[in-house]
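Please keep the sequence and the three-dimensional view at hand while reading.

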Amino acid sequence: MSIIKTEDLTYVYGEKTPFRKVALDNVNIEINEGEVVGVIGHTGSGKSTLIQHFNGLLKPTSGRVLIDGEDFTGDKKKLREVRFKVGLVFQYPEYQLFEETVYKDIAYGPKNMGLSPEQRDARVLESAQLTGLDESLLQKSPFELSGGQKRRAAIAGVMAMDPKVLILDEPASGLDPQGRDRIFEMLRTYHEVKKNTMLIVSHSMEDIVKIADRILVMNEGRVFCFDRTRKVFSRAEELERIGLAVPQVTRVIHRLNAMGFDLGEDVYTVKYAEGQILSRLKAGGEG
Amino acid sequence: MQVFLNADNVRFSYLSDDEPPVKNEVLKGVSLKVEKGEFVAVLGHNGSGKSTLAKCFNAINIPESGTVTVNGMDTKDDSRLLDIRKSAGMVFQNPDNQIVATIVEEDVAFALENLGVEPEEIRKRVDVSLKLVDMYDYRMHAPHKLSGGQKQRVAIAGILAMEPECILLDEPTAMLDPRGRTEVMETIKQLNETKGTTIVLITHYMEEAAQADRVVVIDGGEVMLDGTPKEIFSQVETMKNLGLDVPQVTELVWRLRKDGYDLPADIITEDECVEALAGLMS
């Protein structure tokens, strides 16, 4: 069964004002339980508006959002459940750290859920481990941590609620290349352990391809495409036309294809490109 | 060539809030000269000291020991502070933190008004600056309604209006989407090429650094590498060990070289890569 489903979801900002803007226009998507979905789109494409519907921060203007098969709109009790079921990590989440210690900050969500101190403790320790935060850091003030550590502590706080769906908005932005790799490695580990559903919003396709099963491309409030990662990259030229940056290596391979070298349309990592070129060189050597 | 920015054996520390404060030395004897008209990219992982160094060139940070001069002016000399800030303007990461006015052109005029520039001259410079960053058509717009890339270009225009000879940019594209990044990079390159503005660009994007004349790598508060983009990025293993990256095309060619194919080691652009690979496979 799909864990997230939208039916003709439409959202309009500033209805009945001169600034009326349709941010989402009849969006119909289904996300399966356990899937990792990358969400990409240019600024203003509607991707942030979309994810804010998934834990009830926004209410559809028309259409429906079903989480775990249930429509929670207008039902306060269900809304509270959805907030625990769908964890949302905003951009630059470290700005939201506020407790005296890292431990208390991570425990904040589980405490609100009404878990016992023992259960909370287990959750905190597990999340710290999943995010690679050393236990010795837990009693420190969040403000003593490095930038990358703060980011991981903030993500751990959401993971500690053990949501069925974890949504992250640009989880690696502002980090250096090593920091970016570490965040994505951490998310992969988390997914392997928890097998839950993850949605990752990012501008960086290089990062998204390392982890996503499927990619949802939003453009001007509509679904531009929603398909297996490889299939999406075979449409590189169209993606560039709607203002998205495809990986450099994809552009190179597509240009070589245009010159008559048949290297495949769906190349999006350096390793894959290397393999395609090698097999072409070897085939050429034998022929 | 004329040296415009000069850091000579610069040491700098931050003090923690602890009691007594703990000293954290961030720059450990950095020497770096930037010539007038150069476009230098500075790379380094978070905490390497690269932003701290940039702030030394704008007299926000004053070295603990060693000297920093901007166009010959010592940043320790308080009486030259205004002149230093006018000759080396700084653009920061978050465009929202740099915009003060509610109309684009008023924002660009803000510094000039504070400097007591004549109103006619202000009008002229604001128009010229906005045209340079291609935001003239938006001069009467509200900044908060612009995209990230547009806001960042307005912030750059605000610096340009002071007619600085040098612009220091601290990860100006980190919070922007791909389109915004391209806009800002185009603006920077154009200023460097047409106006001869000296550019110091701190970035985490290797493809941006590849567009500079020179790349400086900072690690642990010291200059580790300094050379042309080709010289720096061809050292793939060294860069990876420093926690940095190389452009994807460089990595692809590097891998194929390791597989035993004869390709140039210094490929850093898409065009070079396409040409070399086409040659190899033909």
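The following paragraphs describe selected parts of this structure, chain by chain. The model is a predicted one.

## Where the two chains meet

The contact between the chains involves 33 residues of chain A and 29 residues of chain B. On the chain A side, four helices each supply at least two of the touching residues: α5 (147-159), α6 (177-194), α10 (248-258) and α11 (270-286). The largest share belongs to α11(A), with eight residues. By type, the touching residues of chain A comprise 15 nonpolar, 13 polar and five charged ones.

## A sheet in chain A

Chain A contains an open sheet of six strands, arranged in the order β7-β8-β9-β4-β10-β11, with mixed pairing. At its edges lie β7 (86-89) and β11 (222-228) of chain A, each of which pairs on one side only. On average, and with direction ignored, neighbouring strands of this sheet are turned by 15° against each other. In general, strands of a sheet pair through backbone hydrogen bonds, and the pairing may be parallel or antiparallel. Within this sheet, β4(A) and β10(A) are parallel and joined by five bridges. One of the paired positions is A:Val37, whose bridge partner in β10(A) is A:Arg214.

## A strand in chain B

Is strand β3 (residues 39-43) of chain B enclosed or open? Four of its five residues are buried, so β3(B) is largely enclosed by the rest of the structure. The strand has parallel pairings with β8 (residues 198-202) of chain B and with β9 (residues 214-219) of chain B. Opposite B:Ala41 stands B:Leu201 of β8(B), while B:Val40 has B:Arg214 of β9(B) as its bridge partner.

| Strand | Partner strand | Bridges |
|---|---|---|
| β4(A), residues 36-41 | β10(A), residues 214-219 | five bridges |
| β3(B), residues 39-43 | β8(B), residues 198-202 | four bridges |
| β3(B), residues 39-43 | β9(B), residues 214-219 | four bridges |

## A helix with two sides in chain B

Helix α4 of chain B covers residues 119-132, which makes 14 residues. From its first C-alpha to its last α4(B) reaches 20 Å, close to the 20 Å expected at 1.5 Å a residue. Which residues of α4(B) are buried? They are B:Ile122, B:Val126, B:Ser129, B:Leu130 and B:Leu132. Because these residues cover an arc of only 150° around the axis, they lie on the same side of α4(B). After the helix comes B:Asp134, which has a positive phi, near 60°.

## A loop residue in chain A

A:Ser234 is located in the loop between α8 (229-233) and α9 (236-241) of chain A. Why is A:Ser234 classed as partly exposed? The reason is that 18 other C-beta atoms lie within 10 Å, whereas a buried residue would need 20 or more and an exposed one 12 or fewer. Leaving aside residues up to four places away in sequence, A:Ser234 touches A:Glu265 and A:Asp266. A:His254 is 20 residues from A:Ser234 in sequence, and the two C-alpha atoms are 8.9 Å apart in space.

Technical notes: Residues are numbered from 1 along each chain as its sequence is written. Chains are lettered from A and ligands numbered from 1 in the order in which they are written. This is a predicted model: local features need pLDDT of at least 70, side-chain atom pairs count only at pLDDT 80 or more; totals for chains, interfaces and linings use all residues. Two residues are in contact if their C-beta atoms, placed from the backbone, lie within 7 Å. Ala, Val, Leu, Ile, Met, Phe, Trp, Tyr, Cys and Pro count as nonpolar, Asp, Glu, Lys and Arg as charged, and the others, Gly among them, as polar. The expected span of a helix is 1.5 Å times one less than its number of residues. The arc is that of the directions from the helix axis to the C-beta atoms. Two strands pair if DSSP finds at least two bridges between them. Axes are lines fitted to C-alpha atoms, for helices over the stretch in contact, and angles run from 0 to 180 degrees between N-to-C directions.
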